[in-house]
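This report is written for a reader who is new to the structure shown below. Please keep the sequence and the model in view while reading.

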Amino acid sequence: MTIQFNDETFRDDYSFKNSQRAIDRFPFPFHEDSYMYSVNMEQHQGGPSDSIYEKRFDVDEHYVAEMRDRAMVLADDPLRCQSLPHMTLAGWDLLELIMVSKSEDYPALFELHRDGDNWHWINKPLGIDDHFVFMDETTLPYGPMEYITRQTQGDFCVLDQRDENLWMDAGMITTQADWSLDFDIGMNFFEWHAPVPLAHEKGIFIRALKFLLSIQQGAPARRLNWTMTVNPLLDTSPENYHKWGIQKTSVTPKNLGSKQHLRVELQTFFRLPRSNALVFPIRCYLISFQDIVSKVKWGRRLHRVIRDLPEELATYKGFIDNRPMMLEFLSKYDDGLETSFGVWPEEGTEPPLQK
Amino acid sequence: MNVPPPNSTAPKSTGAKKIAVTVSAIVRLNSLVTRFEFKRCDGELFPTFSGGAHTVVEMQDGDIKRRNPYSLVSDPAEREMFAISVRRDDEGRGGSLYLHEKAQVGDQMRISFPVNLFSLDLRARKHLFIAGGIGITPFIAQIKQLDRTHGNWELHYACRNVELGSYVDELTTKYAHCVKVYYDENGQAIDLKRLLDGQPIGTHLYVCGPKGMINWVCKAATDAGWPDAHVHNEEFLAPKPGRPFAVRLAKSGLNLEVGEHESLLEAIERLGVEAPYLCRGGACGQCETNVVESEGTFVHRDHWLEDDEKACGTKIMPCVSRFEGKTLVLDR
Amino acid sequence: MSKFQFPESIRSRPVYGTLQAHPGKSHLMIADSEGAEAILDLAQRKNGLMVNSHIIFIPKGTDFGKSLQALNPAQYYEGPSYPAALTRIQRVLADAAMGLQIYLSGTEGLMGQAQNEAMKAGYDHTAIQTEHRGSVARRMQCVHCKGITEDVIMDPFQCIHCGLNLFVRDHYSRRLAAYQAVCIDAEDPGNVPPSVELYS
């Protein structure tokens, strides 16, 4: 299908919006009426047609606007993209993975022509047409990781694997859920997750690490994570928290439906062949509360999940203060009826709202 | 082939993804070592890989399906062909003998995607390789990778004699100033103490060879004050034959007898029970299995379990470890 | 007494040990203030260690210098501050060979920065020994302006670079040799709780 790219912003006037197609394919993250951490990994080998799981790197209507926002973030703060010196090979691995995937999955938008190490890359939505030599950094305007991730939605953590651990030694992080690459670069898996409450005690990270260390070439994996954001703001960085934090207090019962957004991360994991590193793309999808409740099942369920979430998690995810107001809004869409298992909206079979 | 068990969302793979290949060349390097080259059956390109990676080769030897891991010795950037070098092991259980005696050019086999459990530490200012005999294999691809990325490296390679020096000619011709070869039968030995003394800060040491050599090098490095994080070794264990023993698989509800020349993992697979694995050499941890009940002695041979885990007898690595005694019930 | 038992914390917070003499070609010891006591203890436990040792000491007003010198190390240097000693540390590391043993003791700020230099020279961080002694003040990075404020003992505190009111997190970066400081009144400007001393 042809994608109509939105002309929209993720800052100032926040003109971001989801089309009906984007709402229909939104990755709602709750498969039941409650939430607790789990490793919840599955294979990343396609998914239902037109779902966000179908392609290796999903390209949607927000692509061009997200890339414009990323360029602005990097112009303000180049530290959002860093790569320790030993990670250049992994950067080439990532460039190859994305170029090959996108040109195969979206041939109308992206083209890759290879003649030995002489590569020709065409990115039609962004108007890029570059010839370069693979593995020769001098032939690209940026390092390989930066070059390709300026053209790919989502944040990217590139993890070196050594001593039975993963090390966050490179990344492109401009749409993060409140963590700093500049601070966390060089940390191992347990260290960069250190601030997350409850999960360490439950042994979640030990199991997750064991799983990730054994991810093999040709067998990528994925999971979902989520948090909350006021306004469709992509750059919720700690660096700028003193600027955006105040927006959390701008929510009122009247504007909550349009201002409060559920922020879902599609996390995928690919083994990189030449470097034996692992890349961990974190793709962010935003949806307003009013768009969520347009799906009856999602409205019922989100109310129950938010209501019953442990206080530590609501605090960590940064919405403890606004929770009562969120519940007031969501309770209008919860009639107490049972919901079916699974994340899909099941619009044909779910009973209409009895309120 | 890989049927995911019910009630589980996590992918349970019984090994890395497989590639159907044809044996495209068999080159005898010397009286012990033969090189096997593979092409893909589907005509596609092979994946690239990182130096030090291995592939698990599946061979149908009569009724027995053998799966043996071998280091890839082809150039990691070469996509047309994969190559391994196999040392003939007359005492072993038959995998290497099958390849040496029965495999023919044109045979079809399945090999796994590359898996690397012995990768380079790319932070190293210098890579110092020490190889003994067939232990040269992971370094062949690592050296090609470093050559391509302008890495700083040095190889010290001990062989029994000139005849058995696999790849010596290629290495000394292409990289004369980086390679030093020592022949045991000529009384040449690596002066390890001297070699380890004076290496620049940031050097990483890699050793691959017989167990005795690995222990010798690791101990010398520790004695010379080298940090553990800078010393890497790979010892691939081949499962050893042993006395037959009986096992009950609790989940599958099956009883089985592990034969003298098969591993516990192979016996489990023979019954059609899918069990995860990656290295089949006691190193990767994938096949770790819980013990439900046991009466007897474990013969733990893996590098994965901690000593206290081995002592308490609640876990076993079925790829290389065995059991001697009356009862063994596994959670599989 | 210069030893302090840090409360249990999150996984990124460094954990310090007790210096142990390891075999090695040479020994580099870097200490500030009460950190000297850890070196003195180490020397007492291991005879002959000083023959191949180089001590770099920053007294910060303490008078351990004489006792350290009396250990008779192969090389001894006393500097007025860490920044003053830095180029010397870099010079020593640049020429070092594998087998060098590195011992750090004293404040978290000193140990973190010296560890970072050793890492930059190519040593894995696990190869470097540390023992905390003396002040529990922290080296803090303002996550907003990236400026470092040394010797922070009160929480919250004001960034000496950008002036924001910051609270102290236990999240620690080896690469920056600093803890993370985050704006405390972003959601309610001006509402800053009174400062209290760390660990009080």
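## The two domains of chain C

Between domain 1 of chain C and domain 2 of chain C there are 4 residue pairs in polar contact, both residues being at pLDDT 80 or more; a polar contact is a pair of N or O atoms within 3.5 Å, where within protein one must be able to donate a hydrogen and the other to accept it, and where residues adjacent in sequence count only if both atoms are side-chain atoms. The side of domain 1 of chain C that touches domain 2 of chain C divides into 1 nonpolar, 6 polar and 2 charged residues, with Ala, Val, Leu, Ile, Met, Phe, Trp, Tyr, Cys and Pro counted as nonpolar, Asp, Glu, Lys and Arg as charged, and the others, Gly among them, as polar. The count of salt bridges between these two domains is 0, a salt bridge being a side-chain nitrogen of Lys or Arg within 4 Å of a carboxyl oxygen of Asp or Glu.

Domain 1 of chain C covers 26-132 and domain 2 of chain C covers 138-197, bounds that come from an automatic or database domain assignment. Their C-alpha centres lie 28 Å apart, and 9 residues of domain 1 of chain C are in contact (heavy atoms within 4.5 Å) with 10 residues of domain 2 of chain C. About 690 Å² is buried between the two domains, with carbon and sulfur atoms giving 46% of this area; buried area is the accessible area (1.4 Å probe) that two parts lose on being put together, summed over both. In domain 1 of chain C, the residues that lose the most area to domain 2 of chain C are C:Glu108, C:Gln113 and C:Asn116, together 51% of what that side buries.

## Basis of the model

This is a predicted model, in which local features need pLDDT of at least 70 and side-chain atom pairs count only at pLDDT 80 or more, while totals for chains, interfaces and linings use all residues. Residues are numbered from 1 along each chain as its sequence is written, chains are lettered from A and ligands numbered from 1 in the order in which they are written, and side-chain values use heavy atoms, with hydrogens and water left out.

## Where chain C meets chain A

In this interface, 25 residues of chain C are in contact with 27 residues of chain A, and the area buried between the two chains is about 2100 Å², of which carbon and sulfur atoms give 58%. On the side of chain C, the residues that lose the most area to chain A are C:Arg11, C:Arg175 and C:Glu187, together 32% of what that side buries.

The count between chain C and chain A is 5 salt bridges, and A:Glu191 forms a salt bridge with C:Arg174, with the closest N and O atoms 2.8 Å apart. There are also 11 residue pairs in polar contact across this interface, both residues at pLDDT 80 or more. The largest share of the side of chain C that touches chain A, 5 residues, comes from β11(C). By class, that side of chain C has 11 nonpolar, 7 polar and 7 charged residues.

## A buried asparagine in chain B

B:Asn68 is found in strand β4 (residues 64-71) of chain B, strands (E, at least two residues) and helices (H or I, at least four) being DSSP runs numbered from the N terminus. B:Asn68 counts as buried because its relative accessibility is 14%, where buried means under 20% relative accessible area, exposed over 50%, and partly exposed in between (1.4 Å probe, protein chains only). The side chains of B:Asn68 and B:Tyr70 are joined by a polar contact of 3.2 Å.
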